[in-house]
Amino acid sequence: MTIDAAQVEAVIRKVLSSLPSEAPAANATEAGDGVFADMASAVDAAQKAAAAYRRSSMAERRRYVAAVRETMLKPEHLDYMSAQAVIETGMGDVAHKYLKNKFAAENTPGVEDLETSAWSGDDGLTTVEYSAYGVIGAITPTTNPTETITCNSIGMLAAGNAVVFSPHPRAKQLSVWQVRELNRALRAAGAPDNLIVTVAEPSIEATNAMIEHPAVKMLVATGGPGIVKTVLSSGKKAIGAGAGNPPVVVDTTADLEHAAKCIVDGASFDNNLPCTAEKECIAVDAIADLLKFNMVKAGAYEATADEVTRLEQLVLNDLHTGPKTNWVGKPAAEILRAIGVEPPVGVRLIIAEVGSDHPFVVHELMMPILGIVRVPDVLTAIDLAVELEHGNRHTAVMHSRDVKMLTRMGREIQTTIFVKNGPSFTGLGIGGEGYCTFTIAGPTGEGLTRTRDFARIRRCVLVDDLNVR
Ligand code: NAD
């Protein structure tokens, strides 16, 4: 499916007209609501829940997963999560968060992803099944706080696990609310209490306690390089879904008007918070001016050299090695106003032509500022894209009609997601084919994680019998 501007606008109008001021359910603590004062109690409760869950049938599992989807898709919950995430974290765009929340609840794979393999022969019957780890510890980011909890809850529960969430402290109120709401829905569906738990005051200390707790058998970190390294050093089975710096390459064969619109749509999506969003553009010289012209037509503002200097001072940290956190995920108009530029109506993205070593293209800024580097030819563009992706193996985009060059870039860059001739969010299944996930594991190789990634593979052997051929 494709998302056009009218659909996005309709969602924006709907969400903005109904911005909730209060959580749509009481936030008081009640037994079995999954929220605990300390991590040891949370993990203990999840362990008991996992033991009870082992005795549930697959039909019951399906029902619980359906209950998670259903509660997260309630219009008042979608509105609340989308608006509150922007309010609490100070980042992102309400209408785009609404789309992300909806896609996560609708399109994350469930129990059907667990396919059994079997061998039968003279020696009997052997099955290989996906089985639960027990308790999974999941660490979630500020950039997609609710989407990740929804997506991980569906996949991890579908695989038969209980899950302990360690949300980012900057998204704690909303994450705690969400865990309560999920438990309410699960309880109403007849699930064991505390299949999804967290602590009332998420912190780095609580996360570390969760990582070290012996009952937590698997760790899934969705976040930056620090937390990915931490879980991979834990000595436990871990999935690391880490940072990206997705380049978009445009060559002379591309449909430039389409490419420009796709890049503006992708790089401005949720104010550039997604790890998959275009973070730098590499354009072949012959088409670079026309591409920029079309990007401005599609809602970008091109910064002058003087404005680029002011942007650097505003959004980069002192050493120019990354962004200042308080500008991450802010709207383009707010950034422009802060450097003294009156934003054009409807501006979504700031573009700036810079050199290939400029911090705007080297570092993951996660804000709607897109550095554009001009190169002489497509081979140089692909080489530079590989360099700027830094071996994250995350996401890359190319606009081209040259199948040989599309193939070459795909082979050279080796990213988990490679989008051709579309905006980056199509790689998440939003407007592109394929299921949805908000945990993209480049470092550990699971790719776009799904139910089976949260399960252990177990072999069950019956000797001599049940081969009926
Ligand atoms: P972050 O790394 O600051 O935080 C992520 C989570 O890790 C939070 O819950 C945080 O509390 C925890 N954390 C961080 N350092 C920790 C430490 N030393 N000890 C214990 N806990 C720690 O990331 P963020 O700002 O919330 O999210 C943005 C980053 O995440 C970007 O780099 C983005 O690319 C990446 N990301 C990746 C994916 C993916 O699927 N690959 C998805 C979303 C975000």
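Helices, meaning H or I runs of at least four residues, and strands, meaning E runs of at least two, are taken from DSSP and numbered from the N terminus. Good morning, colleagues. This is a predicted model, in which local features need pLDDT of at least 70 and side-chain atom pairs count only at pLDDT 80 or more, while totals for chains, interfaces and linings use all residues. Residues are numbered from 1 along each chain as its sequence is written, and side-chain values use heavy atoms, with hydrogens and water left out.

I begin with the sheet. Seven strands form an open sheet with parallel pairing, in the order β11-β12-β13-β10-β9-β14-β15; two strands pair if DSSP finds at least two bridges between them. At the edges stand β11 (300-302) and β15 (417-420), each pairing on one side only. From one strand to the next, the twist averages 25°. Within the sheet, β12 (residues 349-353) and β13 (residues 369-375) run parallel and are joined by four bridges. Glu 353 stands opposite Ile 372 in β13.

Helix α16 (residues 403-413) lies across β9 (247-250), β14 (395-399) and β15, and runs at about 165° to β14. Axes here are lines fitted to C-alpha atoms, for helices over the stretch in contact (heavy atoms within 4.5 Å). Angles run from 0 to 180 degrees between N-to-C directions.

Next, the interior. A nonpolar core is a set of buried Ala, Val, Leu, Ile, Met, Phe, Trp, Tyr and Cys residues joined through side-chain atoms within 4.5 Å, where buried means under 20% relative accessible area with a 1.4 Å probe, protein chains only. The largest such core has 82 residues, and Val 250, Leu 291 and Met 295 have the most contacts inside it. A second, separate core of 65 residues includes Tyr 80, Ile 136, Val 176 and Leu 195.

Finally, the aromatic rings. The structure holds three aromatic pairs, defined by ring centres within 6.5 Å, with planes under 30 degrees apart counted as stacked, over 60 as edge-to-face and the rest as tilted; for Trp the six-membered ring is used. One of them is the tilted pair of Tyr 53 and Tyr 64, 6.0 Å centre to centre with 40° between the planes. Because Tyr 53 lies in helix α2 (residues 39-53) and Tyr 64 in helix α3 (residues 58-72), this pair ties together parts that are 11 residues apart in sequence. Both tyrosines, Tyr 53 and Tyr 64, are buried. Phe 269 and Phe 425 also form a tilted pair, at 4.7 Å and 45°.

Methods. Buried < 20%, exposed > 50% of the residue type's maximum accessible area, 1.4 Å probe, protein only.
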